[in-house]
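Okay, thanks for having me, everyone.

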Amino acid sequence: MANTVLTFPVPLNTSLQVGDVVYYLTENEEIKEIGPCLIITNTTIECSTTGDISELLDTSFIFFGKDNGINTSGLIGYYAEVEFVNETTDYAELFAVNSEIFLSNN
């Protein structure tokens, strides 16, 4: 299994991680897999070539996908409890409650 190094003229997307699978789009708009990402620098990606890269060009659109088993949405093992209190005697109505949750490396 060979490795393929892809070099870009601009910094890479910061959400790319080692282990993500890298793909490219052919001229016929077919999605082809390059392989899992092994090494990332500011402007290069080294992939373990597991797919067909015969149609990979310098102008090909490159993108990546995350492992759905690892990067899931929803909380596992954590919860929050919130209590809303209205201490006024005036009429009040709660229209909506929202939350935002994200994965953190800290």
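Let's start with a pocket. If you look for Val-5, Leu-6, Thr-7, Phe-8 and Pro-9, and then for Leu-56, Leu-57, Asp-58, Ser-60 and Ile-62, you have found the lining of the second largest pocket. One thing to keep in mind while you look: this is a predicted model.

How much volume does the second largest pocket have? About 190 Å³. And what sort of residues make up its lining? Seven are nonpolar, two are polar and one is charged. Strand β1, which covers residues 3–7, gives the most to that lining, with three residues.

While I'm mentioning strands, here's the overall layout. As for burial, 17% of the 106 residues count as buried.

Now, on to charges. In general, side chains of opposite charge can pair when their charged atoms come close. How many salt bridges does the structure hold? Three, and I'll take them one by one.

Number one on my list is Lys-66 with Asp-20, where the side chains meet at 2.9 Å, N to O. Lys-66 sits in the segment after β5 (61–65), while Asp-20 is in the loop between β1 and β2 (21–25), so this pair ties together parts that are 46 residues apart in sequence. Are these two buried or exposed? Asp-20 is buried, at a relative accessible area of 3%. Lys-66 counts as partly exposed, because its relative accessibility is 28%.

Next up is Lys-32. Lys-32 forms a salt bridge with Asp-52, and the closest N and O atoms are 3.4 Å apart. Here Lys-32 belongs to strand β3 (residues 31–40) and Asp-52 to the loop between β4 (44–48) and β5, so parts 20 residues apart in sequence get tied together. Lys-32 counts as buried, since its relative accessibility is 18% and the cut-off for buried is under 20%. Asp-52, at 36%, counts as partly exposed.

Lys-32 has another partner too: its side chain meets that of Glu-55 in a salt bridge, 3.3 Å from N to O. This pair also links distant parts of the chain, with Lys-32 in strand β3 and Glu-55 in the loop between β4 and β5, 23 residues apart. Glu-55 comes out as partly exposed, at 28% relative accessibility. Which residues end up in one network through shared partners? Lys-32, Asp-52 and Glu-55.

Last stop, the surface. Turn the model until you can see Val-82, Phe-84, Leu-94 and Val-97: these make a nonpolar surface patch of about 440 Å². Let me pick out Val-82, whose place is in the segment after β5. Why does Val-82 count as exposed? Because its relative accessible area is 60%, and exposed means over 50%.

So, to recap before we chat: a pocket of about 190 Å³, three salt bridges, and a nonpolar patch with Val-82 among its residues. Over to you for questions.

Terms used. Residues are numbered from 1 along each chain as its sequence is written. This is a predicted model: local features need pLDDT of at least 70, side-chain atom pairs count only at pLDDT 80 or more; totals for chains, interfaces and linings use all residues. Side-chain values use heavy atoms; hydrogens and water are left out. On a 1 Å grid over the protein atoms alone, a cavity is a set of points where a 1.4 Å probe fits but cannot get out, and a pocket is an open set with protein on both sides within 12 Å along at least five of seven lines; lining residues have an atom within 4 Å of a point. Grid points are joined across faces, edges and corners, and a volume is the space filled by probe spheres set on the points. Helices (H or I, at least four residues) and strands (E, at least two) are DSSP runs, numbered from the N terminus. Ala, Val, Leu, Ile, Met, Phe, Trp, Tyr, Cys and Pro count as nonpolar, Asp, Glu, Lys and Arg as charged, and the others, Gly among them, as polar. A salt bridge is a side-chain nitrogen of Lys or Arg within 4 Å of a carboxyl oxygen of Asp or Glu. Buried means under 20% relative accessible area, exposed over 50%, partly exposed in between (1.4 Å probe, protein chains only). Patches are made of residues with over 30% relative accessible area and no salt bridge: like charges are joined within 9 Å, nonpolar side chains (Val, Leu, Ile, Met, Phe, Trp, Tyr) within 5 Å. Accessible areas come from the Shrake-Rupley method with a 1.4 Å probe; for residues, only the protein chains shown count as cover.
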